[in-house]
Amino acid sequence: MQEPRKLYVKSFGCQMNVYDSQRMADALAKEGYVETQDPADADLVILNTCHIREKAAEKVYSELGRLRKAKQDAGSDTTIAVAGCVAQAEGAEIMKRAPVVDLVVGPQSYHRLPEMLEKVRDGKRVVDTEFPAEDKFDHLPAPSAAATKKRGPTAFVTVQEGCDKFCTFCVVPYTRGAEVSRSVSKIVGEARALVDQGVREITLIGQNVNAFHGEGPDGRTWGLGRLLEELASINGLARLRYTTSHPRDMDDGLIAAHRDLPQLMPYLHLPVQSGSDRILAAMNRKHGRDTYFEIIDKLRAARPDIALSSDFIVGFPGETEADFEDTLDLARRVGFASAYSFKYSIRPGTPAAEHDHQLSEEVKSERLARLHQVLEASKTAFDRACMGRRFDILLEKPGRLPGQLIGRSPYLQSVVVTAPGAGIGDFVTVDITDVGPNSLAGQVVDAVEDRGRTSDRPLVAMEA
């Protein structure tokens, strides 16, 4: 009997890439590949790349350099593929700079991997960065029950891909294409299959997830709020989340879902990028700071215990000290439970890259440090406010010490517990007893019967 071929997939960046990596592994499992955690043991290595962060392409080439050396040292014939957004953006240039690469595939063509690998085995080098007419989701196989169980009680489900917003700093519209939404029936079918295989929490993902506009079973276009309502009716699906959102698509139906659906966790990642109206206009965000505040007010009125997370870019071309002070003001006024902040970095081909007033690295670094201080103070205040709270925790993985398990709170915080008799995939009620810089610790009170409950009393995000 022929031994199975080994597959190693390394994901860079966002949750979309994690999901895509899993789907590639599912597709290749049908071709006899089994996953390994050791690239040196792999017959096929796939780097699933992200183009959002600074120096993304350079990081990929650095990784390819390590793989080339390892391949030469071992004298192996490992096939090396580059997938994802860097593959889409760089195309054949990757093979010119890194001859070790056999296959370059964009994010819309993963369903064609088996036939591409056949060409590679025939001695060809393959580049496929087209946007195919067929829907890749119609051709990608569902994960096996064993694969789903191995991945744990939480799962991602892509509902939407691409972006039509064309923010001036972003490459996503060029690497992922226009906004496209899957049909409600296909999403619900995938979710039901995951729940049948033991998944308890599903996060809906998309480049611009709340722009979802899929065809419903009634033939009409459904928004994300209505989709969430449909998914909440699935027996055994205890938790729902979604990411990443755009303020322009935060409609009343979606806000109502936060009010009405106990399965929808009281935590929302809503990137604002800047607190300055002038910079938001230069970014082509098509919303202002007052609009953002209005959305936050509506969300907190609908769900008083909701917590907010966001993304910020500092040092955008032309940003003045006054613009940056507006960002600090917005961060303090909202009081984010967590947030991500980055220095602006040029993405070739984007309008902002051609802006005349690029800021120095020194200015960007200094402003990032000041913003980080505000955001960290806000996060610390939120975490400390959880001390003594009681939460339902979904246990997801083992802890570092014997007997420890790690789960997630409704607010996505890691919570470390000792829970004799409980296992991964179980819910437990926990009293929070300690707050650390990266996680909470808790004392198990009991197993949870009401899996829709999230906490014993509302917790409003606090001002730093």
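**Close-up 1. A40 lies in the loop between β2 (33–35) and β3 (44–49).** Strands (E, at least two residues) and helices (H or I, at least four) are DSSP runs, numbered from the N terminus. The model is predicted: local features need pLDDT of at least 70, side-chain atom pairs count only at pLDDT 80 or more, and totals for chains, interfaces and linings use all residues. Residues are numbered from 1 along each chain as its sequence is written, and side-chain values use heavy atoms, with hydrogens and water left out. A40 has a relative accessible area of 70% and is therefore exposed (exposed is over 50%, buried under 20%, partly exposed in between; 1.4 Å probe, protein chains only). A distance of 8.3 Å separates the C-alpha atoms of A40 and A74, which are 34 residues apart along the chain.

**Close-up 2. An open sheet of three strands has the order β7-β10-β13, with parallel pairing.** The edges are β7 (154–158) and β13 (239–243); each has a single partner strand, so one side of each lacks a neighbour in the sheet. From one strand to the next, the twist averages 25 degrees. Two strands pair if DSSP finds at least two bridges between them.

**Close-up 3. β7 and β10 (residues 201–205) run parallel and are joined by five bridges.** T158 stands opposite I205 in β10.

**Close-up 4. Helix α1 (residues 15–29) lies across β7, β10 and β13.** The helix runs at about 95 degrees to β7. Helix α9 (residues 224–232) also packs on the sheet, touching β10 and β13, and its direction makes about 155 degrees with that of β13. Contact means heavy atoms within 4.5 Å. Axes are lines fitted to C-alpha atoms, for helices over the stretch in contact, and angles run from 0 to 180 degrees between N-to-C directions.
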